[in-house]
Amino acid sequence: MTFLKINNLSVDYQMRKETVYAAKNVNIEVNKGEILGLVGESGSGKSTVGNAIINLIDEPGKVSSGSVILGDLNIHENSESIVKYRGNKIGLIFQDPQTSLNPILTVGEQLIETIQTHLKLSKEEAKNKSINLLKEVGIKDAEVRFDNYPHQFSGGMRQRVVISLALCCEPELLIADEPTTALDVSIQSQILDLIKKLTKERNLAVILITHDMGVIAETADRVAVMKSGNLVEIGETKKILTNPQENYTKSLVSSVPPTNKKISRFVIVEKENSDKKENNIKILNRWTKKGIIDQDLVQIKNLSKSFDDNFFTESSKNSVMAVNDVSFKIKEGESFGLVGESGSGKSTIAKMIVNLFKPTSGDILFDNVCITKIKKRSELMKFRKQIQMIFQDPYSSLNGRLKVKDIIAEPITLHNPSISTLDLNNYIYDLLESVELTQKSADRYPHEFSGGQRQRISIARALATQPRLLVCDEPTSALDVSIQAQILNLLKDLQEQLNLTILFISHDLPVVRQMCDRIGVLKDGKLCEVSNTEDLFLKPDHEYTRELLRLMPKIESIYN
Amino acid sequence: MVGEETSDEERAELRETLGLMDPIHVQFSRFIINASKGEFGISYQLRRPVSELIVERLPATIELVVISALIALVTGTLLGVYTGINRKGFLSDFVLAISLLGVSLPTFVIGILFIYLFAVILGILPSFGRGEVVDLGFWTTGFLTASGLKAIILPSVTLSLFQMTYIIRLVRAEMMEILQTDYIKFARARGISENSIKYKHALKNGLIPVITIAGINIGTLIAFSIITETVFQWPGMGFLFIQAVQFVDIPIMSAYLVFIAFVFVMINFIVDILYYLIDPRIRVKGDTASG
């Protein structure tokens, strides 16, 4: 039975010069007891549709046409009537549990207020209902936690509170907007299980908005694909993921890193540049390419790092061990992956290797020289030149006040002050072309580029000093899948042609599988196991690795 | 302290008794020791103990500052919330335009304009002084007489204007920012009423920074009161201080400055405690997220 019916829904933003359509003539139907996945890349309008259902579009956007029928009610009849249905008939969950709750009201206060807004219950009854609800979403000691403030809950627990708030007035439709994107895999699977369970028990109609195809494959009954405000395709999840009809869906599905096998390159269906596979890397001429010797380029020995909570009290019992006695080696020319959940210490290790943090104890050997013990600045510079880093967020890792050419020129002139202007410019152009950007990009500013292009600039900057080791800290986590596929392809090409050694840090197991030769698994600052990629995925040794692999959302699960 | 006909011997003797001939560090340590006992010496000009003078003038300044702070906080917050919620509209634009005047016009100009308008042209409010005061023994107050109440209107409004406009703009910016946050959006999505969203969810969060600024500003109000008190001939500490400056009456000046410093420290201390009470995130530090 069709429960929610969205007819010809359009949302537009009236700008000074033009009208931008965030969603155009979208038709979607959702049944009770069904999870509909709504996927698309950033800017595809998937969140807009979710918000438009309850008419919660930010100014100056507005729902310009279409109707939303819930059961037999037209809830968009007028703007006042929609307010009655918010929270009451329709519950909404947002992406980031850290910011969805009011920080200065207790969880209980927020629940009671919501319940009393919609249901005629006394404060005592509302409290009882809230506590039952908190228990239902899996919060232990609900009676005590009821009086806690949001910051006293961990991320996963907070998302449970958010779910209980969305469900507290027994809505029949639940809209979950990227409910697990900000969470670790283990928490993610718990939250998804909870949503699945509630859907069945309460016979909810659910719209699950996400960019993650793995999540869709594991949870959604049907899936709708959106692109730049238009609905591209809608149908059974299995059908869409295994036999997509539209080109866009095909490219989207093929960009998703498979979890069950290793592929050499990502297939980029779309885009005009599919013909220029033979990417000529011009900087090769300048690159003093070293033959790969079978040696360990990086050796990490008993590395530890603790962050003291208090600077003045020297007691080490309060200190947090971010990295605890970690040892591993990276061979020259290989890709080494470090995986782990947030707080596992993977980024801390990266920062110690590039010498941004000083280790509390232990040694880091680069090319058989201990770089943690170097005191002289000039000595250190030699190593800085050989180790470069690419950061996660392409928006904050480039200085917005500098032109691209100045961003790239900075490391070059730092390590080679005598370079001539002409040579410098040519070198910058070569670098830009190597990362598939045009020469014209050099005179533009970072804000003129998209996220993927910015990450290319970051890579060009890292390559400018001709490093031997490239430390990539979650280089694609902030990017859409299709862009991620392009960036990963680029990194693979560069590594192959330049004999780079890569330390690849990620929480995303499928990506790591595609990129790395060997993988180390971190948990709470400790290294669980290190093994060859295929061994790790096929026969993991450590309990925690097995757990991670079991929980990772698999797009292939649809075949079973 | 000396007149035309004071002889050189007498002058020297006076210097000696006042301790002006001692080396600087001796004079300074003597000042610290006495100050810690609440003794700031004798005013050169008025020849009375400074502490006595300050206690005498304190009520006038405190009453002026308290009334101004109340005006600034209450109207500032109200107008700030109004302009933050109704971003467009004639009244908001008007308030913002006026607040620009408040920030840019110097206090003494506003004071003189007020005197000209309300005292000279309209003749409804007194132009100077405190009016009749009632002596309660430890405190003299102008709140109990009609003329005292009338007299405090102009100076307190003048003094509060700058802070008020400051608070309007701060509250407005905070409200606008908070109304865009996820938790307000989530509250809307749950169908919470608009009034509750604005005044319970948003305002409470918005007032946290206001408390800090307001705390610091009360200190500034006391400092600013020098000008207002001079314009309105208000018999408070600021007026006393200005007179002391003219006569190089160092004991009064140093006592006044020590007092102001003390007030600043106390206010900041109180603000920190208020923070602790208002923001739960500070309260439970150390008890980090669990579960």
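Me: In the open sheet of chain A with the order E2-E1-E4-E5, how many strands are there, and is the pairing parallel or antiparallel?
Reply: In general, strands of a sheet pair through backbone hydrogen bonds, either parallel or antiparallel. In this predicted model, the open sheet E2-E1-E4-E5 of chain A has 4 strands, and their pairing is antiparallel.

Me: Which strands of chain A stand at the edges of this sheet?
Reply: A strand at the edge has a single partner strand, so one side of it is left without a neighbour in the sheet. The strands of chain A in this position are E2 (19-31) and E5 (73-74).

Me: Which residues of helix H19 of chain A are buried, and why do they line one face of the helix?
Reply: Helix H19 spans residues 543-551 of chain A, and its buried residues are A:Tyr544, A:Thr545 and A:Leu548. Seen down the axis of H19(A), these buried residues fall within an arc of 100°, so they line one face of the helix.

Me: Which exposed residues lie on the face of H19(A) turned away from its buried side, and what do the buried residues pack against?
Reply: The face turned away from the buried side of H19(A) carries the exposed residues A:Glu543, A:Arg546 and A:Arg550. The buried residues of H19(A) pack against helices and strands of chain A: H7 (185-202), H17 (509-515), E19 (518-523), E20 (526-532) and H18 (533-538).

Me: What is the radius of gyration of chain A, and which value would a compact globule have?
Reply: Chain A contains 19 helices and 20 strands, and its C-alpha atoms fill a box of roughly 75 × 60 × 45 Å along the principal axes. Of its 560 residues, 46% count as buried. A compact globule with 560 residues would have a radius near 24 Å, which agrees with the value for chain A, 26 Å.

Me: Among contacts in chain A between residues at least 6 apart in sequence, what percentage join residues at least 24 apart?
Reply: The contacts considered here are those in chain A between residues at least 6 apart in sequence. Of these contacts, the share joining residues at least 24 apart is 69%.

Me: Is A:Lys358 buried or exposed, and how far is its C-alpha atom from that of A:Ser304?
Reply: A:Lys358 lies in the loop between helix H11 (346-353) and strand E14 (361-366) of chain A. It has 9 C-beta neighbours inside 10 Å, so A:Lys358 counts as exposed. A:Lys358 and A:Ser304 are 54 residues apart along the chain, and their C-alpha atoms are separated by 9.7 Å.

Me: What is phi of A:Gln466, and what is phi of B:Gln233?
Reply: Most residues other than glycine have a negative phi. A:Gln466 is in the loop between helix H15 (451-463) and strand E17 (469-473) of chain A, while B:Gln233 is in the loop between H8 and helix H9 (237-246) of chain B. A:Gln466 is partly exposed, with 18 other C-beta atoms within 10 Å, whereas B:Gln233 is exposed, with 12. The phi of A:Gln466 is positive, near 50°, and the phi of B:Gln233 is also near 50°.

Me: Is B:Ala72 buried or exposed, and which residues does it touch beyond those up to four places away in sequence?
Reply: B:Ala72 is found in helix H3 (residues 50-85) of chain B. With 26 other C-beta atoms within 10 Å, B:Ala72 is buried. B:Ala72 and B:Phe162 are 90 residues apart in sequence and 8.3 Å apart in space, C-alpha to C-alpha. Not counting residues up to four places away in sequence, B:Ala72 touches B:Ser160, B:Gln163, B:Met164 and B:Ile167.

Me: Which helix of chain B gives the most to the side that touches chain A?
Reply: In the model, 23 residues of chain B are in contact with 27 residues of chain A. Helices H7 (182-189), H8 (194-231) and H11 (280-283) of chain B each supply at least two residues of the side that touches chain A. With 6 residues, the helix that gives the most is H7(B).

Note on methods
Residues numbered from 1 in each chain as written. Chains lettered and ligands numbered in written order. Predicted model: local features only at pLDDT ≥ 70, side-chain atom pairs only at ≥ 80, totals over all residues. Buried ≥ 20, exposed ≤ 12 C-beta atoms within 10 Å, placed from the backbone. Arc of directions from axis to C-beta. Contact = placed C-beta atoms within 7 Å. Rg over C-alpha atoms; globule rule 2.2 N^0.38 Å. Pairing = 2+ DSSP bridges.
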